[in-house]
Amino acid sequence: MIIPSIKDKAIFAADKFQAVTLAQTPRSKTMVVGLEAGQAIPVHHPKSDLTLLVIEGQATLVGEDQEFQHAGPGAMLYAEAGKARGIKADQRTVAVVVVSPPPTPEDHKELAEHFKRGTWR
């Protein structure tokens, strides 16, 4: 599969981040994520390895006990399964995310709790 422009696949919404699946197998899932300023994928600890690459915009990245503020295009976050990871957009941001294996509904329970409380960390 060839995708001429990942940025063209990104979508945005006023209420929360939007993830568009670009490719998926039983072993991995590749997505493009669109976040408006202030939106986040809250810090959570799923049972998947993650690689996140910022391709447009600026955001704060959290990986394990590290934080990188004002991460711009080219900044990358890698987190092993079970380790903390999250992103909060400073401005409209597009990121490519690869997770392996694809997360389960159980992996997303922590995210649901963050959204319910209105927290990202």
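I looked up M76 and placed it in strand β7. Strands here are DSSP E runs of at least two residues, helices are H or I runs of at least four, and both are numbered from the N terminus.

Notes on the source. This is a predicted model, where local features need pLDDT of at least 70, side-chain atom pairs count only at pLDDT 80 or more, and totals for chains, interfaces and linings use all residues. I number residues from 1 along each chain as its sequence is written, and side-chain values use heavy atoms, with hydrogens and water left out.

My cut-offs: buried is under 20% relative accessible area, exposed is over 50%, and partly exposed is in between (1.4 Å probe, protein chains only).

**Sheet.** I then traced the sheet around β7. Five strands form an open sheet, ordered β1-β2-β9-β4-β7, with antiparallel pairing. Its edge strands are β1 (18-24) and β7 (76-79), each pairing on one side only. The twist averages 20 degrees from one strand to the next. Two strands pair if DSSP finds at least two bridges between them. I asked how many bridges join β2 to β9. Seven bridges join β2 (residues 29-35) to the antiparallel β9 (residues 93-100). In β9, V98 is the bridge partner of T30.

Most residues other than glycine have a negative phi, and most peptide bonds are trans.

- S100 and P101 are joined by a cis peptide bond, with omega about -10 degrees. P101 is in the loop between β9 and α1 (109-117).
- E64 is not a glycine, yet has a positive phi of about 55 degrees. I found E64 in the loop between β5 (59-63) and β6 (66-71). E64 counts as partly exposed, at 45% relative accessibility.
- H70 has a positive phi near 60 degrees and is also a residue other than glycine. H70 lies in strand β6. H70 is exposed, with a relative accessible area of 51%.

Technical notes
Axes fitted to C-alpha atoms, helices over the stretch in contact; angles between N-to-C directions.
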